[in-house]
Amino acid sequence: MGETEPRVSVRNSRVLIVGAGIAGPTLAFWLARHGFTPTVVERSRQVRGGGQAIDVHGRAVDVLTKMGLLDAARAARTGIRGMDFVDARGRTLARTTAFSFTGGVAGGPGIELMRMDLAALLLDSTRATTEYVYGDHPVALEQTGTAVTVAFASGSVREFDLVVGADGIRSATRSIAFPADSHRLHRLGRYIAIGAVPNFLGYDRWETFYAAGPDRRVCYFAGAGSTRVMFTRTDPDLDVDQYDDEGLRALLRSHFAGDGWQTDRLLDEVTGSPDFYFDDLRQVHMDSWHLGRVALVGDAGYCASPASGLGTTLAIVGAYVLAGELAAAHGDHHLAFARYDRRMRPFVADCQERARRGGNVYVTRPRFWLQMQQIRLSNLPPLRRVMTTLAAGSKERIGMGITFPDDDRNTPSPVP
């Protein structure tokens, strides 16, 4: 399985990881490889299914290669062959097989697959080396000079040397272990709603976009045996924390009902499905991702939002870097956490800035017309080569400036 690393003697070897999404199991994989003893606790009672198509780009592809999971990840690709835009009557406005908005450039080095498929690969690769605890979560952390005592919702109390929160944008670990003023949530003024629907249009690895208005879009996506719909709308004032689940379903219906094409049927399907996800797009900004013996990784510490298309890449790279720095420091968390923060900071800032630039879905009529022309022209062989090369370079260069701990093993990492 991938590259092998010599196991070294480490201190602070007992590490609790909160969250079994993407960052958590990736971190567990590498901690175990480096000689640590990881435990992953997940609030859900079982591995969560559902979710949307996600992308793995740049140096995250390198990490999957090192894990021996690249071929399996490629085999699980959604295989999207292209996309089109339609009008309210279902007529095609523009169509291309050169790229898709969700999957990127056709034949590019990036990997688009379903979140549940990547999560399953990571879980399978860590079962033998990691303790998984489902249906529980920390409710209190007490740090001492030598350990962290963790009280769980189940009533159990355990001691660990280190705790890492990999529990998403609404991280309970962050809320428990960090001061309330330690993080800032930046809303991008846009929301997304996603859910599974029947493939009633009979699509084969294809996606269709419908611009229901200048401030909202609908995407119907069928690939890798999964058919999903995504609704996106600009709404700067929305705070989803003020709504319950049924309230969000009702809100979505009120925003898109009667919009044309297949929108009403898609609304019926997605709001009636238990596989329903709704969130306003936010970023997490923190001056430090660690405090004492507790650190954060992925969305818990530096969510860039789905608008970036790089959340999975950040989670994988962040987990790999954190594990590598702990190994390089032989478990000295003070040194490792500082190096992790310093190494990841420019990469995170870049991803978050990209999301802010593209965080609003509002499209004027002239801009929409220009977008349709670009999509049509992308099918012409000369322009297709130029556009795909530029697009691939833009996404695949993401994070390529970041060095991994093992890239400079013989050169001490700078410490702030």
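Reader: Is Asp241 buried, partly exposed or exposed?

Author: This is a predicted model, in which local features need pLDDT of at least 70 and side-chain atom pairs count only at pLDDT 80 or more, while totals for chains, interfaces and linings use all residues. Residues are numbered from 1 along each chain as its sequence is written, and side-chain values use heavy atoms, with hydrogens and water left out. With a 1.4 Å probe and protein chains only, buried means under 20% relative accessible area, exposed means over 50%, and partly exposed lies in between. Asp241 has a relative accessibility of 48%, so this residue counts as partly exposed.

Reader: With which residue does Asp241 form a salt bridge, its closest N and O atoms being 3.3 Å apart?

Author: A salt bridge is counted when a side-chain nitrogen of Lys or Arg is within 4 Å of a carboxyl oxygen of Asp or Glu. Asp241 lies in the loop between β17 and α6, and its partner lies in the loop between β13 and α5, so the pair ties together parts that are 71 residues apart in sequence. Helices here (H or I, at least four residues) and strands (E, at least two) are DSSP runs, numbered from the N terminus. At 3.3 Å between the closest N and O atoms, the partner of Asp241 is Arg170.

Reader: Are Asp215 and Arg216 buried or exposed?

Author: The side chains of these two residues meet in a salt bridge, at 2.7 Å from N to O. Asp215 has a relative accessible area of 16%, and Arg216 also has 16%. Asp215 and Arg216 therefore both count as buried.

Reader: In which helix do Arg356 and Glu353 lie?

Author: These residues form a salt bridge, with the closest N and O atoms 2.9 Å apart. They are three residues apart, about one turn of the helix, and the helix that holds both spans residues 333-357 and is α10.

Reader: How many bridges join strand β14 to strand β18?

Author: Two strands pair if DSSP finds at least two bridges between them. Strand β14 covers residues 183-196 and strand β18 covers residues 276-286, and the two run antiparallel. Leu185, for example, stands opposite Val284 in β18. The number of bridges joining β14 to β18 is ten.
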